[in-house]
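Thank you all for making time this morning. I would like to walk you through one structure, going from the whole chain to one helix and then to some charged pairs.

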Amino acid sequence: LSTMTVVTASLVLFMSLSRTQKHCLWTKASSKQRILPFSSLAMGDITETMRLDSIQNMQAIQDHYSDNESSSSSNYYVPHLLSSASDVSSYLKTNDVNAVLFDCDGVVYRGTNVMANASKSLSNLMNQGIKVFFATNNAGANRLQLRDKLSKLLDLDNLTIDQMVTSSYSAAKYLQRELRPSLEEKRRPRVHVIGTSGLCEEIRNVGFNVYTTEDPKCGMSRDELAEYSFPEEKTDAVVVGLDNDFNYRKLCIANVLLQQNPDALLVATNEDAYDLVGADARHLPGNGALVKSLEHCSQRKAVCVGKPS
């Protein structure tokens with residue numbers, strides 16, 4: 001994407017808008033790309049929580065530019081409000097936008113609820129020859145699973161795996177790059193994973209031996225840890241993705257692996273603090289909670305390969 005002008009959908013953007021919907025967009029220019037996050041002010045059939053979040057985010061954006069107006073430079077563009085589908089389309093064409101990168105949860109859908117006009121909007125973009133990509137910090141799904149989910153939710157049969165950018169895939173590609181010397185030596189690096197089968201599969205697909213803690217026990221006593229049999233083989237990396245069955249035993253094992261392998265990479269698929277669940281928007285702890293616990297006890301800092309949230 002580095003050679004393209006790229007649009008990033010930060011909260012919600014769709015071109016099939018009713019006349020009452022408003023969208024904000026702003027850009028940060030670099031030598032080769034322009035990033036354009038979009039935030040919706042009207043959420044259609046999506047939850048009231050999302051609507052209020054969008055209003056708050058829009059206000060924060062306006063406050064930011066108001067506070068930094070004197071220090072703004074050519075690298076930043078003041079937010080624009082686009083009130084119609086034709087305005088959005090005109091803006092994309094005028095600024096030579098080649099691709100749109102959509103966040104998924106909270107943008108294209110929330111849980112199993114699809115954003116109003118999502119399918120039509122995405123079809124409009126692709127029919128105009130604009131490349132569409134989907135990014136998610138959810139490392140529980142691999143790219144095939146995300147493609148299948150989006151195809152079903154959006155009723156689109158022309159989506160491809162190459163359009164999917166999951167944090168599990170990002171972790172796999174990062175490991176592939178950083179551990180290339182081991183791969184070139186025809187030694188399959190050993191990667192210890194805290195996470196789901198989707199994350200393990202993506203890492204395994206690029207040539208790594210993947211190991212997890214498959215143990216019915218949840219705890220770990222001092223005596224157990226002292227006697228625990230760790231592998232003699234070198235561990236090249238420890239990867240942390242969201243694991244709904246995370247426990248103290250998994251934390252202890254990953255921590256000692258990092259202690260015994262000081263050169264091993266510590267990789268986080270994302271550092272999300274929480275997700276919203278339920279009608280009253282309860283905070284479900286995110287992967288950041290797992291990452292921080294391992295960082296704290298290992299005294300290591302993880303490399304985060306996910307997107308900002």
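When I say that elements pack against one another, I am speaking of contacts, and contact means heavy atoms within 4.5 Å. Please keep in mind throughout that this is a predicted model.

Let me begin with the chain as a whole, whose secondary structure comes to 10 helices and 18 strands. Of its 309 residues, 45% count as buried, and the accessible surface comes to about 16200 Å², with 48% of that belonging to carbon and sulfur atoms. If we take the contacts with a separation of 6 or more, 73% of them are between residues 24 or more positions apart.

Now to helix α10, residues 287-298, where the 12 residues should span 16 Å at 1.5 Å a residue, and the end C-alpha atoms are 17 Å apart, which agrees. Its buried residues are Asn-287, Gly-288, Leu-290, Val-291, Leu-294, Glu-295 and Ser-298, and, seen down the axis of α10, they fall within an arc of 160°, so they line one face of the helix. As background, an α-helix has 3.6 residues a turn, so residues three or four places apart point the same way. What do the buried residues of α10 pack against? Their partners are β12 (190-194), β14 (237-240), α9 (248-260) and β15 (265-268). After α10 comes Gln-299, which has a positive phi, near 60°.

Finally, the charged pairs, of which a search of the whole structure finds 14 salt bridges. In one of them, the side chains of Arg-187 and Asp-236 meet at 2.7 Å, N to O. Arg-187 lies in the loop between α6 (180-184) and β12, and Asp-236 in the loop between α8 (222-227) and β14, so this pair ties together parts that are 49 residues apart in sequence. Asp-236 counts as buried, at 3% relative accessibility, whereas Arg-187 is partly exposed at 29%.

Another salt bridge joins Arg-249 and Asp-215, at 2.8 Å, N to O; here Arg-249 sits in helix α9 and Asp-215 in the loop between β13 (209-211) and α8, 34 residues apart. Both belong to a network of salt bridges that also links Lys-217 and Glu-224.

Note on methods. Residues are numbered from 1 along each chain as its sequence is written. This is a predicted model: local features need pLDDT of at least 70, side-chain atom pairs count only at pLDDT 80 or more; totals for chains, interfaces and linings use all residues. Side-chain values use heavy atoms; hydrogens and water are left out. Helices (H or I, at least four residues) and strands (E, at least two) are DSSP runs, numbered from the N terminus. Buried means under 20% relative accessible area, exposed over 50%, partly exposed in between (1.4 Å probe, protein chains only). Accessible areas come from the Shrake-Rupley method with a 1.4 Å probe; for residues, only the protein chains shown count as cover. The expected span of a helix is 1.5 Å times one less than its number of residues. The arc is that of the directions from the helix axis to the C-beta atoms. A salt bridge is a side-chain nitrogen of Lys or Arg within 4 Å of a carboxyl oxygen of Asp or Glu.
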